Amino acid sequence: MSKQNKTIVNSWNEWDPLKHVIVGVADGTHIPPAEPALDAKVPEDSDMKGDWGPRSEESIFKANEQLDNFVKILENRGIKVDRPTPIDFSQKVVTPDFETGSMFGSMPPRDVILTVGNQMLEATMSYRCRWFEYLCYRPLIKKYSNKDQNMVHEAAPKPRLTDLDYRKDYLSEKIGVEKRLKWTAEKYFVTTEEEPLFDAADVLRFGKDLVVQHGFTTNLKGIDWLRRHFKDHNVHAVNFPGDPYPIHIDATFSPLRPGLIINNPDRRLPEDQRKFFEKNDWEIIDAARPAHNSPPPLCYSSVWLSMNVLVLDPKTVCVEASETNQIEQLDKLGFEVVPIPFRDAYPFGGGLHCATADVFREGKCENYFNFS
Ligand code: DAV
């Protein structure tokens, strides 16, 4: 007797109506010890330099309050929400190739899990402290896979993350922003081309087309791996000179609905790469400037989490509640803006887009780009 199959996993882009999503949890999050790729991302004047160990109980409590409130707001809008299962992040990460003193956390699911259609793909990751983070999502993925016969669970090849993966030039204590900007403009990033590396948050989904940021966390071999893996897709590499710490595309380039993308004005997409979007009638506009001059304490991310928005459907967008400029811009563009207080969660790994991973959006795989 065949059991009726239920589709659980389906999401092809960043904007179709969201029905089911994973929202991260802050429990047990650690500030990991120094390691090459992480060091390259933490700004040189950061309050986090040299500090590692568990985050304070108070900061975890406050982050969880905002995460739980975000969950309630989504649920009140009829969106089903699942949460990952944190593991003991105080454990060392040890493989035959490397060892590091602790793990990281399970607040930003977007970094780890890439949903493309009926597939959930675990990214390679490029920080040693995040090597085992996929384990936090395995209980959910197991459940989806048991219920949905068409769901495909994939894991990208686990990287070795030996010292060969990282450029020694980035290990210097003081590089300076000027030199960083020169290096990133030349695509001389901290990660080498030793083996494929990517974080899921470097990938944006536009139906048949996947747009992937080449930067600190994703290398060209990682993009090539994605191209070979998603054979029915067109995979495009982009990069954003102007960002001295380029990790994850979602505080830089955010599609809001078919035909409209906001781009960080300090990290504009180069002219030759814009052509592809413009030829296909996609408008790329400057995002509003952040309302804050600095990120909250002990935060890895920049003030540009202002544009790390979660689109609920092509007319509705969740924006951090204190980001008044971004709210005003989206309001003028005709969106219903759902304000979400979230700054206490930022230090745990990002904003509203980072803190989520798609399970189900309505709609199917469409072609938004006819000319390559
Ligand atoms: O601007 O610091 C943050 C992206 C986090 N997923 C930034 C990028």
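Guide: A residue counts as buried under 20% relative accessible area, as exposed over 50%, and as partly exposed in between (1.4 Å probe, protein chains only). The model is predicted, so local features need pLDDT of at least 70 and side-chain atom pairs pLDDT 80 or more, while totals for chains, interfaces and linings use all residues. Numbering starts from 1 along each chain as its sequence is written, and side-chain values use heavy atoms, without hydrogens or water.

Visitor: How many helices and strands does the protein have?

Guide: There are seven helices and 19 strands.

Visitor: What makes the radius of gyration agree with a compact globule?

Guide: The rule, applied to C-alpha atoms, is 2.2 Å times the number of residues to the power 0.38. For 372 residues a compact globule would come near 21 Å; the protein has 19 Å, and therefore the two agree. The C-alpha trace spans about 55 × 50 × 40 Å along its principal axes. Of the 372 residues, 59% are buried.

Visitor: What share of the contacts with a separation of 6 or more joins residues 24 or more positions apart?

Guide: That share is 75%. A contact here means heavy atoms within 4.5 Å.

Visitor: What makes β17 a mostly covered strand?

Guide: Five of its five residues are buried. Thr 316, Cys 318 and Glu 320 point one way, Val 317 and Val 319 the other, and all are buried. In a regular strand, side chains alternate between the two faces of the sheet.

Visitor: How do you know which strands pair with β17?

Guide: Pairing requires that DSSP find at least two bridges between two strands. β16 (residues 310-313) and β17 have three, in the antiparallel sense, and Asp 313 has Thr 316 of β17 as its bridge partner. A hairpin of two residues joins β16 to β17. On to β18 (residues 336-340), β17 has five bridges, and these strands run parallel. Val 319 stands opposite Pro 339 in β18. The chain passes from β17 through α7 to β18 in a right-handed β-α-β crossover: with the strands pointing away from the viewer, the path from the first strand over the helix to the second runs clockwise.

Visitor: Why is Ala 321 called partly exposed?

Guide: Its relative accessible area is 31%, which means it falls in the partly exposed class. Ala 321 sits in the loop between β17 (316-320) and α7 (324-332). The C-alpha atoms of Ala 321 and Pro 339 are 4.4 Å apart, although 18 residues separate them along the chain.

Visitor: Why is Met 125 called buried, and why is Lys 187 called partly exposed?

Guide: Met 125 has a relative accessible area of 2% and is therefore buried. Lys 187 reaches 41% and so counts as partly exposed. Met 125 lies in the loop between β8 (119-122) and α3 (138-147), and Lys 187 in the loop between α4 (177-185) and β10 (203-206). Phi is positive in each, near 65° for Met 125 and near 60° for Lys 187. Most residues other than glycine have a negative phi.

Visitor: Why is Arg 180 called buried?

Guide: Its relative accessible area is 2%, so Arg 180 is buried. Arg 180 belongs to helix α4. Leaving aside neighbours within four places in sequence, its contacts include Glu 44, Tyr 170, Phe 216 and Tyr 245.

Visitor: How do you know that the buried residues of α6 lie on the same side?

Guide: In α6 (residues 271-279) the buried residues are Gln 273, Arg 274, Phe 276 and Phe 277. They cover an arc of only 150° around the axis, and therefore lie on the same side of α6; the arc is taken from the directions from the helix axis to the C-beta atoms. Glu 271, Asp 272 and Lys 275 are exposed on the face turned away from the buried side. Among the elements covering the buried residues are β10, β11 and β12 (234-238). Just after α6, Asp 281 has a positive phi of about 65°.

Visitor: What makes up the largest nonpolar core?

Guide: A nonpolar core is a set of buried Ala, Val, Leu, Ile, Met, Phe, Trp, Tyr and Cys residues joined through side-chain atoms within 4.5 Å. The largest has 57 residues, and Ile 22, Leu 114, Met 120, Leu 121, Tyr 144 and Leu 226 have the most contacts inside it. Elements giving two or more residues to this core include α1 (36-41), β7 (113-116) and α5 (220-229). Apart from it lies another core of 32 residues, among them Trp 15, Leu 256, Ile 261 and Val 337.

Methods: Helix = DSSP H or I, 4+ residues; strand = E, 2+ residues; numbered from the N terminus.
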